[in-house]
Amino acid sequence: EKLLLEKYFQQFFKKIEKTKNIRQKDLNSIVYFFIFLSDFDHALKLMDQLSPNAVKDWLHIELLLRNNKFAECLCLIREAEKRQKLDPDFYATQVYSVAQCFWGLGEKEKAIELMQNLVQVKPDCRLSASLLREWKEAL
């Protein structure tokens, strides 16, 4: 049953990839659908077809993180910084994502330092504080 479902989604994805005239709203929903299924590879493959905007940037960054594509993610964060430098929430999200990339690349001290800075600037961000604690315990 699971193999049949996987085969169906593979065929579904191939049709989507070939279709060039999918509305952005529908394509966005399909990306979220693949994320819901934890099929991050297919969701990531569809990202290039989405129009650039802040939501797409952060969704793409999240997918790269989930797929352990940390170097590519750092490049995308730099590109997003150019487009979103006026967004007041950008700094915290950027630092959080960069720290995750450094941790994934094995630069654990650098990741912890970034996360400590973020926790100092945004002490109400429980997710950052929890991740920082987890990383410190892992060392």
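A salt bridge is a side-chain nitrogen of Lys or Arg within 4 Å of a carboxyl oxygen of Asp or Glu. The model used here is predicted.

**Exercise 1.** Determine why K110 and E107 count as a salt bridge, and state how accessible each residue is.

*Solution.* 
Step 1. The side chains of K110 and E107 meet with an N to O distance of 3.8 Å.
Step 2. The cut-off is 4 Å, so the pair qualifies as a salt bridge.
Step 3. K110 has a relative accessibility of 41% and is partly exposed. E107, at 35%, is also partly exposed.
Step 4. The pair belongs to a structure that holds four salt bridges.

**Exercise 2.** Examine the salt bridge between R83 and D57, and explain which parts of the chain the pair ties together.

*Solution.* 
Step 1. The side chains of R83 and D57 form a salt bridge, at 2.7 Å from N to O.
Step 2. Buried means under 20% relative accessible area. D57, with 3%, is buried, whereas R83, with 45%, is partly exposed.

**Exercise 3.** Describe the salt bridge between E62 and R66, and state how these residues are placed in their helix.

*Solution.* 
Step 1. In this salt bridge, the closest N and O atoms of E62 and R66 are 3.0 Å apart.
Step 2. E62 and R66 are four residues apart in helix α4, so about one helical turn separates them.
Step 3. E62 is partly exposed, with a relative accessible area of 35%. R66 is likewise partly exposed, at 45%.

**Exercise 4.** Helix α4 also packs with α2. Classify the arrangement of the two helices and characterise the residues in contact.

*Solution.* 
Step 1. Helix α2 (residues 24-36) packs with α4 at an angle of about 25°, and their axes are 13 Å apart.
Step 2. Angles under 35 degrees count as roughly parallel, so α2 is roughly parallel to α4.
Step 3. The crossing of α2 with α4 is left-handed.
Step 4. From α2, the residues N28, V31, Y32 and I35 meet V55, L59 and L63 of α4.
Step 5. The residues of this contact comprise six nonpolar, one polar and no charged.

How values were computed. Residues numbered from 1 in each chain as written. Predicted model: local features only at pLDDT ≥ 70, side-chain atom pairs only at ≥ 80, totals over all residues. Heavy atoms only, no water. Buried < 20%, exposed > 50% of the residue type's maximum accessible area, 1.4 Å probe, protein only. Axes fitted to C-alpha atoms, helices over the stretch in contact; angles between N-to-C directions. Parallel < 35°, antiparallel > 145°, perpendicular 65-115°, else oblique. Left-handed = near helix turned anticlockwise from the far one by under 90°. Contact = heavy atoms within 4.5 Å. Nonpolar A, V, L, I, M, F, W, Y, C, P; charged D, E, K, R; others polar.
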